[in-house]
Amino acid sequence: MPLINVHMARGRTAQQKTAFMAAVTEAAIETLGSPRDSIRVWITEVDSTDFMTAGELLSDKQARQRAIHEEAS
């Protein structure tokens, strides 16, 4: 029974999350040979102020990228 927990930053729509979990389910069926009814997939959402990569908060990175995008427009 695959138990698949995906951590991601908040901000995706319900439709995006549903499509993603369906795709993960299909991948488990295809690659692991697991029966569909044995697969569990859930998402744990993390606030952008609670996630850091390479020493930078995700919220700061997003703000920096928005500023760069706005300057380029």
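**Salt bridges and overall form of a predicted chain**

The accessible surface of the chain comes to about 5,400 Å², and 55% of that belongs to carbon and sulfur atoms (areas by the Shrake-Rupley method with a 1.4 Å probe; for residues, only the protein chains shown count as cover). This is a predicted model, in which local features need pLDDT of at least 70 and side-chain atom pairs count only at pLDDT 80 or more, while totals for chains, interfaces and linings use all residues. Residues are numbered from 1 along each chain as its sequence is written, and side-chain values use heavy atoms, with hydrogens and water left out.

User: What makes the pair Lys17 and Glu45 a salt bridge?

Analyst: A salt bridge requires a side-chain nitrogen of Lys or Arg within 4 Å of a carboxyl oxygen of Asp or Glu. For Lys17 and Glu45 the closest N and O atoms are 3.1 Å apart, so the pair meets the rule. Lys17 is in helix 1 (residues 14–32) and Glu45 in strand 2 (residues 40–46), 28 residues apart, and the pair links distant parts of the chain. Helices (H or I, at least four residues) and strands (E, at least two) are DSSP runs, numbered from the N terminus.

User: Why is Glu45 called partly exposed?

Analyst: Buried means under 20% relative accessible area and exposed over 50%, with partly exposed in between (1.4 Å probe, protein chains only). Glu45 has 24%, so it is partly exposed.

User: Which parts does the salt bridge between Glu26 and Arg36 tie together?

Analyst: The closest N and O atoms of Glu26 and Arg36 are 2.7 Å apart. Glu26 is partly exposed, at 31% relative accessible area.

User: How do you know that Glu56 and Arg64 form a salt bridge?

Analyst: Their side chains meet at 2.8 Å, N to O. Glu56, at 21% relative accessible area, is partly exposed, and Arg64 counts as partly exposed at 40%.

User: How many salt bridges are there by this rule?

Analyst: The count comes to 5. Arg10, Lys17, Glu45 and Asp47 are linked in a network of salt bridges.
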